[in-house]
Structure formats: C-alpha cells, structure tokens
Amino acid sequence: MKTTERRSTCPINYSVEIFGDKWMLLLLRDIMFNGKNSFLEFRASDEKISSAVLTEKLNMLLNEGIVSKVTSPKNASKFLYLLTDKGIELVPVMVEILSWGSTYNPDGGPKTWLDRIKQNKKKAITELQDELRSQWRSHVSK
C-alpha cells in the first residue's frame with residue numbers, strides 16, 4: 001500500500017485529506033447504498049464523474065485500504081471495487097450523512113435505506129455492514 005504524506009497528524013486532517021471532496025463520498029455512497037462496484041457503474045452515476053477523476057479517486061481508496069480491487073467472477077477482464085473492513089467501518093458515518101442530508105433535502109436519497117434507517121438506525125447499520133462483509137468474503141474466497 002502506498003503511503004501518502006500528510007499535512008499533519010491531526011485525525012480530522014487525515015479524514016479531510018481522504019474525504020475532502022465530493023467524489024470520495026459519492027463513490028462510497030454508490031458502493032454502500034446503490035450496490036455499484038465496477039468502473040462503468042460508477043461512471044453511470046448521475047453526477048457524471050470523469051474517467052480520469054474516477055481512476056484517481058479509486059486509486060486513492062485502494063492506497064488507503066478502504067477498498068480492494070478484485071477480478072469479477074463473471075468477466076475476467078472486469079474489476080470490482082469492494083469495501084474492506086476499514087471501508088465498512090465508514091458505514092455509520094455515511095448513514096449519518098445520509099440522514100442529515102435527507103432531513104434538509106427530503107426529495108432524494110435511497111428510499112429503501114432511508115426507511116430502514118428511520119425504523120432502526122443501529123439495526124440498519126449492522127445489516128449493511130454484514131451485507132458488505134459477506135459480499136467481500138464471497139469475492140475474495142474464490
């Protein structure tokens with residue numbers, strides 16, 4: 001894993017250096033809540049990320065150990081990006097961001113997830129983390 005030189009040792013600085021732009025959070029959203037895992041699926045998102053920016057952000061997530069890159073079991077020339085345990089630990093943070101955003105912008109968001117979060121946030125977080133771990137294990141163990 002490539003190490004990145006940080007501006008300081010502050011934990012908030014570390015987080016901002018990784019998640020300080022919209023693309024990182026949107027990629028995490030797509031993986032966690034929208035079930036996207038491939039380059040083309042990320043490119044098809046409404047926000048229209050460029051290929052160059054997408055490549056840069058995926059490489060950063062890989063270098064930070066937040067995602068892993070595995071070969072698709074259905075197509076050997078296709079790669080999938082799956083959350084590692086480090087990435088899965090971000091689920092509660094993303095759920096809070098989703099909840100906050102839906103409070104002040106109630107016209108959007110993944111309705112199924114918003115409903116689950118409103119019913120029982122802690123259970124929704126645990127279930128999503130379990131789903132993502134299961135997905136990772138099923139691809140890595142092959």
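Predicted model: local features only at pLDDT ≥ 70, side-chain atom pairs only at ≥ 80, totals over all residues.
Ground rules, quickly. Residues are numbered from 1 along each chain as its sequence is written, and side-chain values use heavy atoms, without hydrogens or water. Local features need pLDDT of at least 70, side-chain atom pairs count only at pLDDT 80 or more, and totals for chains, interfaces and linings use all residues.

Confidence next. pLDDT is the predictor's confidence in each residue, from 0 to 100. The chain averages 90, and 95% of the residues score at least 70.

Now S99. It is in helix α6, residues 91-104. Helices here are DSSP runs of H or I, at least four residues; strands are E runs of at least two, and both are numbered from the N terminus. S99 has 16% relative accessibility, so it counts as buried (under 20%; exposed is over 50%, partly exposed in between, with a 1.4 Å probe and protein chains only). Beyond its neighbours within four places in sequence, S99 contacts I117 and K121. Contact means heavy atoms within 4.5 Å.

On to the helix pair. The axes of α6 and α7, residues 111-119, come within 11 Å and cross at roughly 100°. So α6 is roughly perpendicular to α7 (65 to 115 degrees). Axes are lines fitted to C-alpha atoms over the stretch in contact, with angles from 0 to 180 degrees between N-to-C directions.

Who meets whom? From α6, V95, L98, S99 and S102; from α7, W113, L114 and I117. The residues of that contact divide into 5 nonpolar, 2 polar and no charged. Ala, Val, Leu, Ile, Met, Phe, Trp, Tyr, Cys and Pro count as nonpolar, Asp, Glu, Lys and Arg as charged, the others, Gly among them, as polar.

Technical notes:
Parallel < 35°, antiparallel > 145°, perpendicular 65-115°, else oblique.
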